[in-house]
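Here is a short briefing on one protein model. Please look through the structure before reading the points.

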Amino acid sequence: MPTSMTGCGDAVAGDGGNTCRIEVRVVNNRFFKFALRTREGYAALEATIEAEVRKRIRRGAVQVTLDLDGPQALARRRLDCAQLAAYLDALELFCRQRDMPVPRDVCGLLALPGILVEDWPGQESLQTLWPLVSRVLAAALDKVDAMRRREGETLARDLEACCAEIRGLGNGIAGRSAALLDEHRQRLRDRITRAVTGLGVTIADGDLAREIALLADRSDIAEELVRLDSHLSQFVRLLADESPGRQLDFLSQELAREANTIGSKSADVAVAHAVVEIKTRVERLREQVQNLE
């Protein structure tokens, strides 16, 4: 069954005093798009996390939120004495040039940029934390997959029902088109008869047959109905695949094209109404397949 492109899942686990929390959210997108939200020190994990996500998700905008706590995960803060000394020297020079007293309290300087420095875990610490991150990421992705599969099954059932309705409408048009030629023939004969009445003109049967043949050729929708049925059969077969979204989107466009051609070729009111119903359901198909991977 196909899977939906939308889903979310989260997981949390701990190991050796370190705790990892991950949330994964996926929404519709034509292509794969990845974004990692985390603290500055863990940006080095982005490529590795993206590679793991790509193994499970082929298409969609994916946002992963990562949070790590613990002795190996937290950044260490330290005072940059050299930077503080530079600020103090500049402040002392400024005060002496203006004959001002030099402040003896450095508390106000601690908020200046570069005074308090955060030393984030290095590559070695991140490698140590990766098994924990990988386990939590897999658990969150399992929840995402379960949600996407449930929604995909629901969408597949709705799409199959919609295809059955379109096929029924197409069969109705096919049944109606068989009687249309006789009606066109009679209308054409009646119209010509009224036009030549009183003029002493006789229309040869061959001429009338030729006009009827031209009219039948212009209004023939047999090929369009065959293609419509073929597209529907292929559409239903693709619903058995895991990631048919792009192909289904293409087929829905082809279904719309066939419906438009049928509507333009036929001047029958009943057929026109059936085409409107088909186009309404095709539009529904096009909207729904945007949610499939």
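This is a predicted model: local features need pLDDT of at least 70, side-chain atom pairs count only at pLDDT 80 or more; totals for chains, interfaces and linings use all residues.

Residues are numbered from 1 along each chain as its sequence is written, and side-chain values use heavy atoms, leaving out hydrogens and water.

**Overall fold**
- The protein chain has 7 helices and 6 strands. These are DSSP runs, numbered from the N terminus: helices are H or I with at least four residues, strands are E with at least two.
- From the N terminus, the order is β-β-β-α-β-β-α-β-α-α-α-α-α.
- Of the 293 residues in the protein chain, 33% are buried. Buried means under 20% relative accessible area, exposed over 50%, and partly exposed in between (1.4 Å probe, protein chains only).

**Helices H5 and H6**
- H5 spans residues 222-238, and H6 spans residues 245-265.
- Their axes come within 9 Å and cross at roughly 160 degrees. Axes are lines fitted to C-alpha atoms, for helices over the stretch in contact, and angles run from 0 to 180 degrees between N-to-C directions.
- H5 and H6 are therefore roughly antiparallel, a term for angles over 145 degrees.

**Cysteines**
- The whole structure has 0 disulfides. A disulfide is a pair of cysteine sulfur atoms within 2.5 Å.
- Cys-162 is in no disulfide; its nearest cysteine sulfur, that of Cys-163, is 6.3 Å away.
- Cys-162 is buried, at 1% relative accessibility.
- Cys-20 is buried too, with a relative accessible area of 0%.

Technical notes: Angles under 35 degrees count as roughly parallel, over 145 as roughly antiparallel, 65 to 115 as roughly perpendicular and the rest as oblique.
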